[in-house]
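Subject: Handover of a structure

Dear colleague,

Please find below the structure that I am handing over to you.

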Amino acid sequence: RNAGGFRNLGPRMVWEKGPHGTIQPPADGWLASPHYILVPLLAFDRRGTRLGQGAGWYDRVLPQHPGAIRIGVGWSVQE
């Protein structure tokens with residue numbers, strides 16, 4: 001969606017339609033510097049290697065936030 005990654009929602013901004021029926025902060029929202037990042041997983045291994053959905057969005061955005069704690073979200077059957 002945008003090169004900066006995560007956006008905040010300002011006091012007068014409204015959500016906009018995103019992909020797959022989701023809603024998201026507008027593209028002109030303020031860039032965020034998250035302390036924690038929840039990362040959806042398609043599959044993962046015990047070393048922390050993950051397989052995502054294929055678009056590479058998190059692969060591009062995570063290096064922009066090296067100090068953020070990354071938390072993978074998935075089911076045990078995805079290991």
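Asp59 is exposed, with a relative accessible area of 53%; here buried means under 20% relative accessible area, exposed over 50%, and partly exposed in between, with a 1.4 Å probe and protein chains only. The model is a predicted one, in which local features need pLDDT of at least 70 and side-chain atom pairs count only at pLDDT 80 or more, while totals for chains, interfaces and linings use all residues. Residues are numbered from 1 along each chain as its sequence is written, and side-chain values use heavy atoms, with hydrogens and water left out.

Confidence

The pLDDT is the predictor's confidence in each residue, from 0 to 100. For the protein chain its mean is 84, and 94% of the residues reach 70 or more. Confidence is highest in strand 1, at a mean of 92, and lowest in strand 5 (residues 50-51), at 82. Helices (H or I, at least four residues) and strands (E, at least two) are DSSP runs, numbered from the N terminus.

Salt bridges

Side chains of opposite charge can pair when their charged atoms come close. A salt bridge is counted where a side-chain nitrogen of Lys or Arg lies within 4 Å of a carboxyl oxygen of Asp or Glu, and the count comes to 3 salt bridges.

Asp59 forms one of them with Arg50, the closest N and O atoms being 3.5 Å apart. Arg50 is partly exposed, at 26% relative accessibility.

Another salt bridge joins Glu79 and Arg46, with 2.7 Å between the closest N and O atoms. Because Glu79 lies in the segment after strand 6 (69-73) and Arg46 in the loop between strand 4 (43-44) and strand 5, this pair ties together parts that are 33 residues apart in sequence. Glu79 counts as partly exposed at 44% relative accessibility, whereas Arg46 counts as exposed at 77%.

Arg47 and Asp45 also meet through their side chains in a salt bridge (3.2 Å, N to O). Arg47 is exposed, with a relative accessible area of 72%, and Asp45 is partly exposed at 25%.

Aromatic pairs

Rings of Phe, Tyr and Trp (its six-membered ring) pair if their centres lie within 6.5 Å; planes under 30 degrees apart count as stacked, over 60 as edge-to-face and the rest as tilted. By this rule there are 2 aromatic pairs. In one of them, Phe6 and Trp57 are edge-to-face, at 5.4 Å centre to centre and 90° between the planes. This pair links distant parts of the chain, with Phe6 in the segment before strand 1 (16-17) and Trp57 in helix 1 (residues 57-61), 51 residues apart. The centres of the Trp57 and Tyr58 rings are 4.9 Å apart and their planes are at 85°, so this pair is edge-to-face. Trp57 is partly exposed, with a relative accessible area of 22%, while Tyr58 counts as buried at 19%.

Nonpolar core

A nonpolar core is a set of buried Ala, Val, Leu, Ile, Met, Phe, Trp, Tyr and Cys residues joined through side-chain atoms within 4.5 Å. The largest has 8 residues in all: Phe6, Ala32, Ile37, Val39, Tyr58, Val61, Leu62 and Ala68. Strand 3 (36-40) and helix 1 are the elements that give two or more residues to this core.

Yours sincerely
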